[in-house]
Amino acid sequence: MLAAFGFAAFTATVVNAATIVPSAPVLENKAYLLMDYDSGQVLASSNPDQRVAPASLTKMMTSFLVEQRLIKGTLKETDPVLMSESAWCRGTSAESCMYVPVNTSASVIDMLRGVIIQSGNDASKALAEHLAGNEPAFAEMMNAEAKHLGMNGTHFANATGLSDPNHYTTARDMGLLAHAIIKDSSKYYPIYSEKEFTFNNIKQGNRNALLYTDPTVDGLKTGHTDEAGYCLVASSKRGPMRLISVVMGTNAMQARADQTRALFNWGFANYETAQVRPKGQELGKPAVWFGKGDAVSIGLASDMNVTLPRGQKDQLKLTLQVPASLDAPLKLGQEIGKIVVTLDGKTVAEQALVTLQPVEEANFVVRIWHHIKKFFAGLF
């Protein structure tokens, strides 16, 4: 659905940066990425496409699949989910647990909190079995959704993030997944900012340390295994601007928090996001031949946003590249040229223009008349 990391499905594709900003922080980790939520622009990265182990960041996909089924109505928050023998957590220090007793049930919404807040392996496996029958079948669902989101460097082997040679991701793909959760699971996204959850009289705190120290941070997920190191995907919204940070493979819990904070501070200090034009606004009205209407409104299918160094947005220039006239029939949402955004003569973004309403083909008499008019106007 989303093109590589240009997010062409819902935003402008940033082509070139017009102004140099101070260098991003130098961080000791395996990979990182900082992106703007609205424009999809990557502001800073290191090894963003390197294959890395995701650890419990995996559970973002587990929770996303559950959330999407809740939103679609194929799953209910109150549905009971069985804690089977195979999903049950025995309470070892080697894994995170929700501590649902074996052969008892908890509601879907409690299990979801157990995944997001407590990072429960048991809750993740139980939900996987509830949705797909078994964990390997759920992993197939995870991989299908990853492909749908454009997570081309990711393959899931389980619902928890336990180490497996066929279980891997990239910092770029984790950014894509975080964006999808914030955008498409907005009803359930507030759970990612909840600081604690109590189940079975056991209270556990969210492991995202930034939730306790930065009120602008409202998600998403931590992860850790010996193979993956300490990882954190987080999002922060300051004013109208939201950033997503992905930090993979630091050497300590404090390091993943400190590095994420440094990326957010750098990004917000140096960049701002401007809405070029909203979706659905009429940006032009080219003439139409052979149709029931003599013109058609064109605009954007989605908001067009661009992220720029601070102080530059008032210097943006817009150009519509559209045909002088069009021939009916035209479908709703049919691509008709593009809008190009430049800064200091350089293209910084472009996005397709589409028809905002359909135009049906006119009757035979009108079409013949239009052919005659075009002929004498020299338009053939």
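Biologist: Where is the place of aspartate 173?

Modeller: This is a predicted model. In it, aspartate 173 sits in helix H5, residues 171-184.

Biologist: Does aspartate 173 count as buried or exposed, and how do I read that?

Modeller: Look at relative accessible area; under 20% is called buried. Aspartate 173 has 3% relative accessibility, so it counts as buried.

Biologist: Which residues does aspartate 173 touch, leaving out those up to four places away in sequence?

Modeller: Aspartate 173 touches Gly150, Met151, Asn152, Gly153 and Thr154. Histidine 148 is 25 residues from aspartate 173 along the chain, and their C-alpha atoms are separated by 12 Å.

Biologist: Now helix packing. What describes two packed helices?

Modeller: Two values: the angle between the axes and the distance between the axes. Take H1, residues 59-72, and H4, residues 135-148. Their axes come within 10 Å and cross at roughly 85°. An angle from 65 to 115 degrees counts as roughly perpendicular. H1 and H4 are therefore roughly perpendicular to each other.

Biologist: Which residues make the contact of H1 with H4?

Modeller: From H1, they are Met61, Thr62, Phe64, Leu65 and Arg69. From H4, they are Phe138, Met141, Met142, Glu145 and Ala146.

Biologist: Let me zoom in on threonine 62. Is it buried or exposed?

Modeller: Threonine 62 belongs to helix H1. Its relative accessibility is 0%, so threonine 62 counts as buried. Beyond residues up to four places away in sequence, threonine 62 touches Ser124, Phe138, Met142 and Ala159.

Biologist: At what angle do H3 and H4 pack?

Modeller: H3 covers residues 121-132. H3 and H4 pack at about 80°, with their axes 8 Å apart. They are therefore roughly perpendicular to each other. On the H3 side, Lys125, Ala128, Glu129, Leu131 and Ala132 take part. They meet Glu135, Ala137, Phe138 and Met141 in H4. The residues of this contact divide into six nonpolar, no polar and three charged.

Biologist: Next, rings. What describes a pair of aromatic rings?

Modeller: The distance of the centres and the angle of the planes. This structure holds three aromatic pairs. One of them joins phenylalanine 264 and phenylalanine 268. The centres are 6.3 Å apart, the planes 45° apart, and the pair is tilted.

Biologist: How many residues apart are phenylalanine 264 and phenylalanine 268 in helix H7?

Modeller: Four, so about one helical turn separates them in H7, residues 253-270. Both phenylalanine 264 and phenylalanine 268 are buried. Tryptophan 266 and tyrosine 271 form an edge-to-face pair, with 5.7 Å centre to centre and 65° between the planes. Tryptophan 266 is buried at a relative accessible area of 10%. Tyrosine 271 counts as buried too, at 8% relative accessibility.

Biologist: Which residue lies over the face of tyrosine 168?

Modeller: Arginine 51 does, at 3.7 Å from the ring centre.

Biologist: Last, the whole chain. How many helices and strands does the chain have?

Modeller: Eight helices and 18 strands. Along the principal axes, the C-alpha atoms fill a box of roughly 85 × 50 × 35 Å. The chain has 380 residues, and 53% of them are buried. Take the contacts with a separation of 6 or more: residues 24 or more positions apart account for 66% of them.

How values were computed:
Residues are numbered from 1 along each chain as its sequence is written. This is a predicted model: local features need pLDDT of at least 70, side-chain atom pairs count only at pLDDT 80 or more; totals for chains, interfaces and linings use all residues. Side-chain values use heavy atoms; hydrogens and water are left out. Axes are lines fitted to C-alpha atoms, for helices over the stretch in contact, and angles run from 0 to 180 degrees between N-to-C directions. Helices (H or I, at least four residues) and strands (E, at least two) are DSSP runs, numbered from the N terminus. Angles under 35 degrees count as roughly parallel, over 145 as roughly antiparallel, 65 to 115 as roughly perpendicular and the rest as oblique. Contact means heavy atoms within 4.5 Å. Rings of Phe, Tyr and Trp (its six-membered ring) pair if their centres lie within 6.5 Å; planes under 30 degrees apart count as stacked, over 60 as edge-to-face and the rest as tilted. Buried means under 20% relative accessible area, exposed over 50%, partly exposed in between (1.4 Å probe, protein chains only). A charge sits over a ring if NZ of Lys or CZ of Arg is within 6 Å of the ring centre and within 35 degrees of the ring normal. Ala, Val, Leu, Ile, Met, Phe, Trp, Tyr, Cys and Pro count as nonpolar, Asp, Glu, Lys and Arg as charged, and the others, Gly among them, as polar.
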